[in-house]
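Colleague: I would like to learn how to read the features of a model like this one, taking them one at a time. Could we begin with the contacts between charged side chains?

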Amino acid sequence: MTIQENVPLAPLTTLQVGGSARYFAELRREDDVREAVQFAKTRDLALFVLGGGSNLVVADSGWPGLVLRIAIGGITQNTTDATGNAVLFSVGAGVNWDDFVAQAVVQNCAGVECLSGIPGSVGGTPVQNVGAYGQEVADTIESVRALDLKEDRIVVLPKPACGFRYRTSIFNTTERGRYIILRVNYRLKRGGAPSLKYSDLQKHFAERLAEKKTPPSLAETRAAVRAIRRSKGMLIVPGDDDCRSAGSFFKNPVLSEAQFNDLAERAESKGLEIPSYPALDAQRKVSAAWLVEHSGFSKGYELGAAGISQKHALALINRGEAKASDIVGLKDEIRHGVQEVWGILLEPEPVFLGF
């Protein structure tokens, strides 16, 4: 294990803003993770675990503690039933998420195909229960292997213990900072049909489905998801300025019936109709992108060196020379504008480090 000093963090994030870490270590073995944690304890240093850096805003002042970049690799698989249809993948926290999805699809295993093209590492997926296009990782996670900093031991947390909810888990709520994720186990279905719940996917395959031809394969669904994500600036493509972002910057608000009715009345008074869909029992989830665009913030909106993607209203971008303060300033302006127009305070999705 090597501890580096004063390592710039901006190049390790997709947003590419922020200062340096006072101490930094890239760790490829579980024993190295434990050793690095002890290094921090003996010096009373705050810890931060960095994955793929795709959901992170680092303060311009950087981070005064120790940043751990978990680079544990490896993908193994085992069938878990007599038919061989249930396949358990054990994946290192440092594995690139989309690389794992690609391998699962090549193995003809369903369950994560709609999560294609999402940047970041496997270890970050349970933290915010990563989801998109009708799937979320909680649908397939069997368990999470982690270092419990409170009890100083490695534990295996079964799915129910992870407390998965919409974009949340115990790892970013009740037990934030307690666990360092080392491996994640996913149960997928060999030969399973792809999920086509998402409207854009249904539109993509509309003609094919209408003619009752052979349904799309997992590989075709993965390709469609990546194409749709690219059209919205949500696929990391070298040289595309719209990709210098942290992905969707705001969560879709989940409202009670009373809150939704109030929102609908406001929309009706403006001659608008809120796009929505039922979520979480009697609650309704509404489109944060729609709220942003109908609050005066169109795609391509600029505020100094920060801006909104030309392709997607939820992607705040670094236009080239932005600082973290520029991104935060734009985030605050959008939240204030949406709250003023719609009475809803949007909740940011990224992690903010050093603020």
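Modeller: Let us start with one such contact, keeping in mind that the model is a predicted one: Glu 347 forms a salt bridge with Lys 251, and the closest N and O atoms of the two are 3.1 Å apart. Glu 347 lies in the loop between helix H8 (324-342) and strand S21 (351-353), while Lys 251 lies in the loop between strand S14 (245-248) and strand S15 (254-255), so the pair ties together parts that are 96 residues apart in sequence.

Colleague: Is Lys 251 buried or exposed?

Modeller: Lys 251 is buried, its relative accessible area being 11%, whereas Glu 347 counts as partly exposed at 45%.

Colleague: With which residue does Arg 226 form a salt bridge?

Modeller: The partner of Arg 226 is Asp 98, with 2.6 Å between the closest N and O atoms. This pair, too, links distant parts of the chain, since Arg 226 belongs to helix H5 (residues 218-231) and Asp 98 to helix H2 (residues 97-106), 128 residues apart. Asp 98 counts as buried, with a relative accessibility of 11%, and Arg 226 is partly exposed at 28%.

Colleague: How many salt bridges does a search of the whole structure find?

Modeller: The search of the whole structure finds 21 salt bridges. Another of them joins Lys 299 to Glu 293, where the closest N and O atoms are 3.0 Å apart; Lys 299 counts as partly exposed at 35% relative accessibility, and Glu 293 counts as partly exposed at 34%. Salt bridges can also share partners, and in this way Asp 148, Glu 151, Arg 153, Glu 175 and Arg 178 are joined into one network.

Colleague: Let us turn to the strands, then. What should I look for in a sheet?

Modeller: The general idea is that strands of a sheet pair through backbone hydrogen bonds, in either a parallel or an antiparallel sense. In this structure, an open sheet of four strands has the order S14-S20-S19-S18, and its pairing is antiparallel.

Colleague: Which strands stand at the edges of that sheet?

Modeller: The edges are S14 and strand S18 (302-303), each of which has a single partner strand, so one side of each is left without a neighbour in the sheet. S14 is joined by two bridges to strand S20 (residues 315-318), the two running antiparallel, and Ser 245 stands opposite Ile 317 in S20.

Colleague: How many residues lie between S11 and S12 in their hairpin?

Modeller: Four residues lie between S11 and S12 in the hairpin, and Asp 152 in the turn has a positive phi of about 55°. Strand S11 (residues 141-148) and strand S12 (residues 153-158) pair in the antiparallel sense over six bridges, with Ala 146 standing opposite Val 155 in S12.

Colleague: Where is Asp 44, which has a positive phi although it is not a glycine?

Modeller: Asp 44 is in the loop between helix H1 (30-42) and strand S3 (47-50); its phi is about 55°, and the residue counts as exposed at 72% relative accessibility. Asn 108, another residue other than glycine with a positive value, has a phi near 60° and is found in the loop between H2 and strand S8 (109-110), where Asn 108 is partly exposed, with a relative accessible area of 38%.

Colleague: And how should I read a pocket; for instance, which residues lie nearest the centre of the second largest pocket?

Modeller: Thr 13, Thr 14, Gln 16, Ile 236 and Cys 243 lie nearest its centre, out of 15 residues that line the second largest pocket. The volume of this pocket is about 240 Å³, and by class its lining has six nonpolar, five polar and four charged residues.

Colleague: Finally, what does the radius of gyration of the protein chain agree with?

Modeller: A compact globule of 355 residues would have a radius of gyration near 20 Å, and the 21 Å of the protein chain agrees with this. The C-alpha atoms fill a box of roughly 60 × 55 × 40 Å along the principal axes, 51% of the 355 residues count as buried, and the secondary structure comes to eight helices and 21 strands.

Notes. Residues numbered from 1 in each chain as written. Predicted model: local features only at pLDDT ≥ 70, side-chain atom pairs only at ≥ 80, totals over all residues. Heavy atoms only, no water. 1 Å grid on protein atoms, 1.4 Å probe; cavity = no way out; pocket = protein on both sides within 12 Å on 5 of 7 lines; lining within 4 Å. Points joined across faces, edges and corners; volume = space filled by probe spheres on them. Nonpolar A, V, L, I, M, F, W, Y, C, P; charged D, E, K, R; others polar. Salt bridge = Lys/Arg side-chain N within 4 Å of Asp/Glu carboxyl O. Buried < 20%, exposed > 50% of the residue type's maximum accessible area, 1.4 Å probe, protein only. Pairing = 2+ DSSP bridges. Rg over C-alpha atoms; globule rule 2.2 N^0.38 Å.
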